[in-house]
Amino acid sequence: MKLNHLLFMTPALLLLFCVTLHAQNNTNINKFRQLHSRLRTPNIYRTASGAPGHAYWQQRADYKMQIKLDDENQRIYGEGTITYHNNSPDALNYLWVQLDQNIRRKDADALTTRTNKISRKMSFRSVRTLHYEFDGGFKLEYVKDSSNRDLHTAVNKTMMRVDLPNVLKPGASYSFKLKWWYNINDRQKDGGRSGYEYFQEDDNYLYTIAQFFPRMAVYNEVEGWQHKQFLGGGEFTLPFGNYHVSVTVPADHVVAATGVLKNAANVLETKHLNLFKKARTAEKPVIIISENEAQEKEKLHSEQKKTWIFAATNVRDFAFASSRKFIWDAMGIKLGDRIVMAMSLYPKEGNPLWERFSTKVIAHTLRTYSKYTFDYPYPVAWSIHSAKIGMEYPMICFNRGRPEKDSTYSEYTKIRMLSTIIHEIGHNFFPMIVNSDERQWTWMDEGLNAFLQYLTEQEWERGYPSRRGDPKKIVDYMKGDRSGITPIMTNSESLYQFGNNAYAKPATALNILRETILGRELFDFAFKEYARRWMFKHPTPDDFFRTMEDASGVDLDWFWRGWFYTTDYVDIAIDAVNWYQVDTKDPEVEKPIQKQLAARVPENITHIRNKQTMPGTMVEKDESLEDFYSKYDPYEISILDKQEYDHYGSNLSEKDKAMLKPGYNYYEVHFSNKGGLVMPLILKFEYDDSTNKLITIPAEIWRYNDKNIIKVFATKQQIIQITLDPYFETADVDSSNNYWPTRPVPTRFQLYKKKQPKPENKMQRAARADALREKTNDTKPPKGSNSDSPH
């Protein structure tokens, strides 16, 4: 503010300005200050420990629906009844319902608010969005009360308000009926979380159907009604309830859905029922509908209909898949005292990958997630294959992983398939059971799930190339342009770099918390306690942060602030190391050391050259110029030196004398925090006797100065190398400053020619080598060569 502005302030305004300026200058910026100002005040609904309070409540919505799949026109027709239970202490005048299909309307905010630009190379899909002609969105035919009277509604884009004829009092319930239809989108062309995949070769469709009915919004004491518009990024916030759903499809279709099939005898052949029963106790997946059977069905295109009836208890959503192309395999897995059916549906285009891996990886995922949280409580878990998708719903998910047409597949395709199934099956735990607000906080389900996905992948195969979770994998994002990074604690629709921010960074943070900050035992107990406390409830970030601290007994406010509320990154450097030894005062020890040190000092270049060119100095030519100092040896031990040492020692205790004995080395290490994110110091000391030692110093070492610290280490051996974060535990973005003495870290670059054709995968390469050997009558590869070496 300029001085002339201050001159015209009133005394009161000037005083206010000074007080404000003083407050700003005295703001506590210590990185270890408590998070109290960031977190909601504890209350009777949510406690300071992170647990649900004694007065915690949540709403419930039950659904009875009749759904018809129109395979000729790719449409969904639906009608049903929603019963809303008001368990809150509040009287409600209206209800809010989500109309998620309206994101596909031509005037949807998701389209109109999307920014774009023209580049020299553009994908057909990106240009297609500029010519969006799909007639999407719900076509609502009516909303009526239980007596068939029309209800007044107000559709606000992806939300609809239903005005109640009478106030819905606490503890009361209200039922209303709806009828609707919509056109199903082609996922291959328009993308989306649900839709159809069309197979031109056999003229068939594979439907993965979700968000297909008007769904109740969540009402709670945190947000009131969560009716933030669906723009495509922030997913879904839904209440729990019970579902009874009938799905009418062509008679030759197979249907999988949330819940338990209630009329299996009416829709399945006897042989398939028997195989299903066999699968419950099988040790490996049982093929219920074979590939040959599925191929025969592809030709039928039945005009008859069948209705599949499903019931699901205490779920937050419902989805289904339907096609005549499906192969079906299943196996039962024991969790606690229950058997859960792990099952897969996939077209022939998914083999051989899907028959070999899908159901087994479902079983592995359920066992591993249950170990770290709670036993999977639902009766079934489905994995459905469709191309280019990964999406989750209660008890069912839709997953990518398509081999080549010759049935070979790249390692990338295999790993992507396994990881997608693990991730989407894992979503049954977060957010389908631990039911966080996805519309507000994507990281609460995606980040926690990506973390458990990492653990599950590592237990699937040693050295599994996990995409997220390993601290090294997040470094490029963390050190990137700050303008393209947002804190984890950012609303789902406002995130930059969605995958890194909502998946990778929180997954990495939790892995660091487990391996480096808390240790596995404390972390696993606390994480399991969070999952147990909030299963079938609606947690917030505050509940997670508080529970992890409450159950571990560790103050983690500094960690949550740095990793979740800021865009700081880890870059801790070793700036300098000073080596010291104690001056023992003993001339018998110190004088020889001083002499050795003096001998190591390089001789002056002038002295060196004078010896070569100068015949003699004046003192060398005239001995009369020599005196006491000409022959004095400063390193000679005199009797006075010994007497002075004896006198010095007479005033010391035995403990003090022991400290003066030679043998200890003291290293003063200077550290700086260049990235802003405080972290523990993990140091590896390598000694001159070929031994080493690992030391971990808690992050609290930065509590008084988070920019620069000095730490002294005492050791009997001499240190020849100090490495900071030797096992890359902390996601430090610059390892070049983590060494003393400094060690250059090379950066590699690649040479390339113009774009080459798509390379064959390893299976194709091996098959080509086998064919070539057979052609040349060479039954085995030459000795010392690779079996798939090109000829």
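In this predicted model, the contact between α14 and α15 (heavy atoms within 4.5 Å) brings L522, F523, F525, A526, F527, E529, Y530, R533 and W534 of α14 against D543, F544, T547, M548, D550, A551 and S552 of α15. By class, this contact holds 10 nonpolar, two polar and four charged residues; Ala, Val, Leu, Ile, Met, Phe, Trp, Tyr, Cys and Pro count as nonpolar, Asp, Glu, Lys and Arg as charged, and the others, Gly among them, as polar. Helix α14 spans residues 520-534 and helix α15 residues 541-552, and their axes come within 8 Å and cross at roughly 130°. That angle makes α14 oblique to α15. Here axes are lines fitted to C-alpha atoms, for helices over the stretch in contact, with angles from 0 to 180 degrees between N-to-C directions; angles under 35 degrees count as roughly parallel, over 145 as roughly antiparallel, 65 to 115 as roughly perpendicular and the rest as oblique. The crossing of α14 past α15 is right-handed, meaning that the near helix is turned clockwise from the far one by less than a right angle. Helices (H or I, at least four residues) and strands (E, at least two) are DSSP runs numbered from the N terminus.

Helix α15 also meets helix α16 (residues 557-565), with axes that come within 11 Å and cross at roughly 145°. This crossing, too, is right-handed. On the α15 side the contact uses F544, F545, M548 and E549, and on the α16 side D557, W560, F564 and Y565. These residues divide into six nonpolar, no polar and two charged.

Turning to another helix pair, α10 (residues 411-426) and α11 (residues 443-460) pack at about 130° with their axes 9 Å apart, and are therefore oblique to each other. Their crossing is right-handed. L418, S419, I422, H423 and G426 of α10 touch E446, N449, A450, Q453, T456, E457 and W460 of α11, giving four nonpolar, six polar and two charged residues.

The second largest pocket holds about 690 Å³ of space. Among its 22 lining residues, E197, F199, E349, R402 and K405 are the closest to its centre. Strand β8 (195-199) and helix α5 (187-190) each give two or more residues to the lining, and β8 has the largest share, with three. The lining comprises four nonpolar, five polar and 13 charged residues. A pocket is an open set of points on a 1 Å grid over the protein atoms alone, where a 1.4 Å probe fits, with protein on both sides within 12 Å along at least five of seven lines; lining residues have an atom within 4 Å of a point. Points are joined across faces, edges and corners, and a volume is the space filled by probe spheres set on them.

Residues are numbered from 1 along each chain as its sequence is written, and side-chain values use heavy atoms, with hydrogens and water left out. As the model is predicted, local features need pLDDT of at least 70 and side-chain atom pairs count only at pLDDT 80 or more, while totals for chains, interfaces and linings use all residues.
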